[in-house]
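Please open the model in your viewer and keep the selection tool at hand. The stops below are meant to be taken in order, each with something to select and something to look for.

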Amino acid sequence: MISLTRSWHGEAHRRVPRRLSALAAMAPVAVALTLLASCAWATPSAAPSSYQANLWPQRPVVQLSFEIAPDLGSVTGRESVVFTPDMPACELVFRAWPNDPTISKAGSSLTLTDSAVNGHPVTAQVQAAGAPPGAPGTLIQLPLPWCLQPGQSVRADLGFAVVLGRDADERVGYSPETRTAWFGSAFPLLAWIRGQGWARDPAVPMNGETAASEEFALTDLSVTAPSDDQVTGTGTAGPTVAGDRPGTTTHQFSATAIRDVTVGVGHYDVAERDVNGVRVHLATPATGTKADPTRWGDVIAHAIEALSTHFGPFPYTDFWATITPGQSDGTEYPQAVQFGDAGKDGLSALVAHELSHQWFYSLVGNNQAEDPWLDESLATLGEALAGGDAKDYRPKDISDRVVGLMGKPMSYWAQHGGFDEYTEGVYNQGATVLLEARRRVGADPFDAALRSYIQANAHRVARPADFARAFADQPQVLDLLKHAGALPDRG
């Protein structure tokens, strides 16, 4: 994310499945084939072939549905997940991010309505995990009848209800005035990370993402909305069909490998264009935007082209951009971004920052609670390189208060200065350090090492050691990052 204030350097985050027979400990490949066969209507979007070597064959398989209320103020949903761990697991852990403090304060919430494991109802254990008093918890745990061993599969089915905050300056909200709604991470998100287990980091009372998840195959995303409304989704769009209720239409999407989902619904005008093999879908409120849709489209096209020269091929064949009247910034999702209704000033920096997240957090994942610099510092680097504001990142401008704290987790910043210090320590310090490292070793060698990091960690959840490994033959880069606190210092 990125804010519309402070030279765009900060993010003032105001980012029905078909029923299946119960699946016990089935082979993961058989499970995946069963689910994929149920949605042969679409060819899921995939990353360029150069990135696909790292796809996890046993990644979770998800079917997800949302049904929007007629007034767009609430959503009911269902989710089916087939999970095959790579290490022992004795429970399932999901995160309900609409219950984090900032989103909850804006009037949104997610409540679990029912849950089952392998077709048998179970009682979920819901923990606050950072949720404010009175709000549903952010951590949902489903007990398993036995501990899964690596390669064994289990299926979970969950029902849930989401309230969208009215005119929320957040990633979950709706606008009655423009008749638009937007909701990202608005479902129970499986919180598994390969080789590490469950990500249980608590939500923090500060703007910024704390989500972490392995990629999953989204075999069916179904969004049922009033037929007069447009729908934007995540992945590749399939055909629309009549909804179960009169006057509704169900829109379908799928994706080969994705970490999260966002949806937009309402009176939108949707324009499309192809940019270097990427199908860009741009949704703008029918009531109008400060910058006209053509300008938005041009800036997005420029960002895709410019960032690809530094980072390598754009990771996806479809990209969805939805302008949300309630937000004042941008929120990133895999293959999609929610943008606030920005004016012309700063638009290039905003778009470059958010599209940089398609490589960092989306393609190359990270634990956003523990290592926020691995996506936000790198996205701000992309903003500087492709958004025209590199001159704003100078070493002398970094406050002494944050020097050496670039690698601190979200929990640290929530307790030490809040969002402003987080912005200075991770976004601004991060971009400044990376730009200086690039200057010292040369643009071409730096960019080549960065592309090798992306290639080696595509479709994975990376850690700081993975970044250091890619720059092992550039000690000047490592020394700068260690001084900034992004990497452990040598002995």
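On this tour, a residue is called buried when its relative accessible area is under 20%. The model itself is predicted, and that should be kept in mind at every stop.

Begin by selecting strand β24, residues 318-324. Asp 318, Trp 320, Thr 322 and Thr 324 point one way from this strand, while Phe 319, Ala 321 and Ile 323 point the other way, and all of them are buried. Seven of the seven residues of β24 are buried, so the strand is largely enclosed by the rest of the structure.

Strand β23, residues 278-285, runs parallel to β24 and is joined to it by five bridges, and the bridge partner of Val 280 is Phe 319 in β24. Strand β26, residues 336-340, also pairs with β24 in the parallel sense, over five bridges; here Ile 323 has Phe 339 of β26 as its bridge partner. If you now show helix α3, residues 293-311, you will see that β23, this helix and β24 make a left-handed β-α-β unit.

From there, move to the largest nonpolar core, which has 75 residues, and select Trp 296, Leu 355, Leu 450, Tyr 453, Phe 467 and Leu 481, the members that touch the most others. Helix α7, residues 418-441, gives this core its largest share, ten residues. Centre the view on Tyr 453: which residues is it in contact with, leaving aside its neighbours within four places in sequence? They are Phe 360, Val 364, Leu 374, Leu 378, Ala 462, Asp 466, Phe 467 and Ala 470. Apart from this core lies another, of 62 residues, among them Ala 89, Phe 187, Ala 203 and Val 461.

Now select the four strands that form an open sheet in the order β7-β8-β4-β13, with antiparallel pairing. Strands β7 (125-127) and β13 (189-190) stand at the edges with a single partner strand each, so one side of each is left without a neighbour in the sheet. Two bridges join β4, residues 89-95, to β13, and Arg 95 stands opposite Leu 189.

Finish with the one disulfide of the structure, which joins Cys 90 to Cys 147 with an S to S distance of 2.0 Å. The link is right-handed, with 110 degrees about the S-S bond. Cys 90 lies in β4 and Cys 147 in β8 (residues 139-148), so the pair ties together parts that are 57 residues apart in sequence. Cys 90 is partly exposed, with a relative accessible area of 36%, and Cys 147 is partly exposed, at 37%.

Definitions and conventions: Residues are numbered from 1 along each chain as its sequence is written. This is a predicted model: local features need pLDDT of at least 70, side-chain atom pairs count only at pLDDT 80 or more; totals for chains, interfaces and linings use all residues. Side-chain values use heavy atoms; hydrogens and water are left out. A nonpolar core is a set of buried Ala, Val, Leu, Ile, Met, Phe, Trp, Tyr and Cys residues joined through side-chain atoms within 4.5 Å. Buried means under 20% relative accessible area, exposed over 50%, partly exposed in between (1.4 Å probe, protein chains only). Contact means heavy atoms within 4.5 Å. Two strands pair if DSSP finds at least two bridges between them. A disulfide is a pair of cysteine sulfur atoms within 2.5 Å. A crossover is right-handed if, with the strands pointing away from the viewer, the path from the first strand over the helix to the second runs clockwise.
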